[in-house]
Amino acid sequence: PQSLVPSAGIGAAEGRHFRGAIVVNIALVAVGVAAVCAFAAVYGLARGLERPVAGGLAAARMPGLIAVVAAVVLDGTAMSAAVLLLQPSGASAGDVALATVALASCACMFAFS
């Protein structure tokens, strides 16, 4: 699985690294978006903008900047979710839920980038 933290593994042996890739990739996207929003707020306040967060995000070229993050993690997250759903032994309810969240987050990243 493609993850920025390749040794991450969560749960049972079968599908362990795919679950880890999904969780790590989604967490990294969340941290990255939070960092960009925090930077945008500080930038907007420093510039004295009337709407500091919105103005800072516009200056940072958001949401288009998410395309860079999506390009790095989107394929690995979607692939890991597909593998979890198509396991030979069948997907557990937790795997189906995790894969659904992963595919929904991929769709959101794709839609907003």
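I began with Ala-8 and asked which residues it is in contact with, contact meaning heavy atoms within 4.5 Å, once its neighbours within four places in sequence are left aside. Ala-8 lies in the segment before α1, where helices (H or I, at least four residues) and strands (E, at least two) are DSSP runs, numbered from the N terminus. I also noted that the C-alpha atoms of Ala-8 and Arg-19, eleven residues apart along the chain, are separated by 8.4 Å. Is Ala-8 buried or exposed? Its relative accessible area is 17%, so Ala-8 is buried, the classes being buried under 20% relative accessible area, exposed over 50% and partly exposed in between, with a 1.4 Å probe and protein chains only.

For the record, this is a predicted model, in which local features need pLDDT of at least 70 and side-chain atom pairs count only at pLDDT 80 or more, while totals for chains, interfaces and linings use all residues. Residues are numbered from 1 along each chain as its sequence is written, and side-chain values use heavy atoms, with hydrogens and water left out.

Next I looked at α1 itself, residues 16–47, whose 32 residues reach 46 Å from first C-alpha to last, close to the 46 Å expected at 1.5 Å a residue; the expected span is 1.5 Å times one less than the number of residues. Among its buried residues I listed Arg-19, Gly-20, Ile-22, Val-24, Ala-40, Ala-41 and Gly-44. Just after α1, Gly-48 takes a positive phi of about 70°.

I then checked α1 against α2 (residues 52–59) and found that their axes, lines fitted to C-alpha atoms over the stretch in contact, come within 7 Å and cross at roughly 110°. The two helices are therefore roughly perpendicular, a word that covers 65 to 115 degrees. Their contact involves, among others, Ala-40, Ala-41 and Gly-44 of α1 and Val-53, Gly-56 and Leu-57 of α2.

Ala-102 touches Ile-22, Ile-26, Thr-77 and Ala-81, not counting residues up to four places away in sequence.

Last, I noted that the chain has four helices and zero strands, and that buried residues make up 28% of its 113 residues.

Terms used:
Axes fitted to C-alpha atoms, helices over the stretch in contact; angles between N-to-C directions. Parallel < 35°, antiparallel > 145°, perpendicular 65-115°, else oblique.
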